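Please load the coordinates and follow along.

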Amino acid sequence: MRRSLTLLTVLAGLSAGPALATDIHGHRGARGLLPENTLPAFREAIALGVDILELDTGMTADGVVVVLHDPALSPDLARIGGTWIDAPKLIRGMTHAELHAVDVGRARPGGKIAERFPDQTPVDGTPVPTLAEVLALAAVEGPDDLRFNIETKLSPLAPGETADPDTFARAVVAVIRAAGVETRAIVQSFDWRTLAVVRHIAPEIRTSYLTAERNWLNNVQAGRPDASPWLGGLDIDDFGGSVPRAIASLHGDIWSPYFRDLTPEALKQAHDLGLEVHVWTVNDATQMKELAEMGVDGIITDYPNVAVEAVRHKN
């Protein structure tokens, strides 16, 4: 009986087709399930079996690299002494000790985040973690091959809000090296200036070039008279409007476009140039399957539980 069951299991696996080789990134940990960019969210993503933890970084006034999406604390996420803040508060103007006292374990009731993620379970009393703390958590609770997609959050349009690209990139690299995860780390950014620094000082760390070509965010800016300030001095029009060619010219490793911007032709071009393609942010199971079948190398999602079922257990 045991042999028969084993044979049936093997045959069932064969009939389901080969597993898709698509990495699953837990976006901000598991943003749809737990407060974003927190240790509980990263712990949940690890438990769900993600391949890569995706997270955002900033720097405090005393130079500590912390994990937070925006340069400023959001009134939709942050409480100090139990009271919701009433205006954004730049973390660059706060020490790590001051930031650590902020509670980001619950979305503000009635706010945009609570409305967008109604299934998010609050964890009151949760502070903003440091990048070192996230990597330490992963070292204890994650598999040995767990990877990290670490975004530098800065904008060339608002230089006063964050550390400069060189300082920022060097600080992130220092934390990665201190944790000994250089070969498992990716540094990504919409602002390609930090990626140039990483390529120069830490070529062993892979770089991922984020893009969007939407009305609400366009860092590529094709067809405009001047080069986009986001692309580190490159004018995309010099590459015939091809983002993969621009990234290849910089010896980058990964192109990370908004998933609706990706075409099969652009995906093929990127692969032909030796680039991986990891798309963001995909939360619908059908779209995940379609993208995996198209051949993307990674999917960034707020719901890694959905991605694991959609991509790894494809019928």
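## Strand pairing around β1

Strand β1 and strand β2 (residues 52-59) run parallel, joined by three bridges; strands count as paired if DSSP finds at least two bridges between them. Here His 27 sits opposite Glu 54 of β2. β1 also pairs with strand β14 (residues 298-301), again in the parallel sense, over four bridges, with Gly 26 facing Thr 301 of β14. Helices (H or I, at least four residues) and strands (E, at least two) are DSSP runs, numbered from the N terminus.

This is a predicted model, in which local features need pLDDT of at least 70 and side-chain atom pairs count only at pLDDT 80 or more, while totals for chains, interfaces and linings use all residues. Residues are numbered from 1 along each chain as its sequence is written, and side-chain values use heavy atoms, leaving out hydrogens and water.

## An enclosed strand

Why is β1 (residues 23-27) largely enclosed by the rest of the structure? Five of its five residues are buried, meaning under 20% relative accessible area (1.4 Å probe, protein chains only). Both faces are covered: Asp 23, His 25 and His 27 lie on one side, Ile 24 and Gly 26 on the other.

## The helix between the strands

With helix α2 (residues 39-48), β1 and β2 form a right-handed β-α-β unit: with the strands pointing away from the viewer, the path from the first strand over the helix to the second runs clockwise. Pro 40, Ala 41, Phe 42, Ala 45 and Ile 46 are buried in α2. The buried residues of α2 pack against β2, β3 (65-67) and α5 (131-141), where contact means heavy atoms within 4.5 Å. Just after α2, Gly 49 adopts a positive phi of about 95 degrees.

Technical notes. Buried < 20%, exposed > 50% of the residue type's maximum accessible area, 1.4 Å probe, protein only.
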